[in-house]
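Please view the sequence and the model together while reading.

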Amino acid sequence: MQPDEVVDHTTTEVTAAVSEPVDVVLNLAPVDPAQLAALVTLVRPGGVVVNTTVWMPAPGDEERGVRGVDVFVRTDTEQLSRLVALVDRGELRVDVAQRVPLAELPAVHAQAATGALSGKVIGLPPAA
């Protein structure tokens, strides 16, 4: 499997498509909980399963240090507009502690785990 490969779960069984352990599994689809749980076995020790479906939690494997992380976004244009207005008026300030290339995010996570990170971090994609 190539780095950063996307597997279409509707045409390919994900567990069959992945031939070696991965650092991250990002699930964007509402799949059966058993299918999501099976993805944990694909993640190398210390990795993470990120799940964006709201009706089931991301599985992990504490024994191997594989974390399960749930990410949810609420689309609320009115709330976002109010936040933008607060930022524009200088009433809301986002403390950006660092801007780092995406490749350096593991170090940022390690820093956060020690409690040494203050403020938000912006991950910068590679220049095209």
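What share of contacts in the chain between residues at least 6 apart in sequence joins residues at least 24 apart? The share is 24%, where contact means heavy atoms within 4.5 Å.

## Basis of the values

The model is predicted: local features need pLDDT of at least 70, side-chain atom pairs count only at pLDDT 80 or more, and totals for chains, interfaces and linings use all residues. Residues are numbered from 1 along each chain as its sequence is written, and side-chain values use heavy atoms, leaving out hydrogens and water.

## Fold and overall form

The chain holds 4 helices and 5 strands, taken as DSSP runs (helices H or I, at least four residues; strands E, at least two) numbered from the N terminus. Their order from the N terminus is α-β-α-β-β-α-β-α-β. The chain is more spread out than a compact globule, because its radius of gyration is 18 Å, well over the 14 Å that the globule rule gives for 128 residues. The radius is taken over C-alpha atoms, and the rule is 2.2 Å times the number of residues to the power 0.38. Along the principal axes, the C-alpha atoms fill a box of roughly 50 × 35 × 30 Å.

Of the 128 residues, 19% count as buried, that is, under 20% relative accessible area with a 1.4 Å probe, protein chains only.

Beyond its neighbours within four places in sequence, Val49 contacts residues including Val25, Leu36, Val43 and Val69.

Note on methods: Buried means under 20% relative accessible area, exposed over 50%, partly exposed in between (1.4 Å probe, protein chains only).
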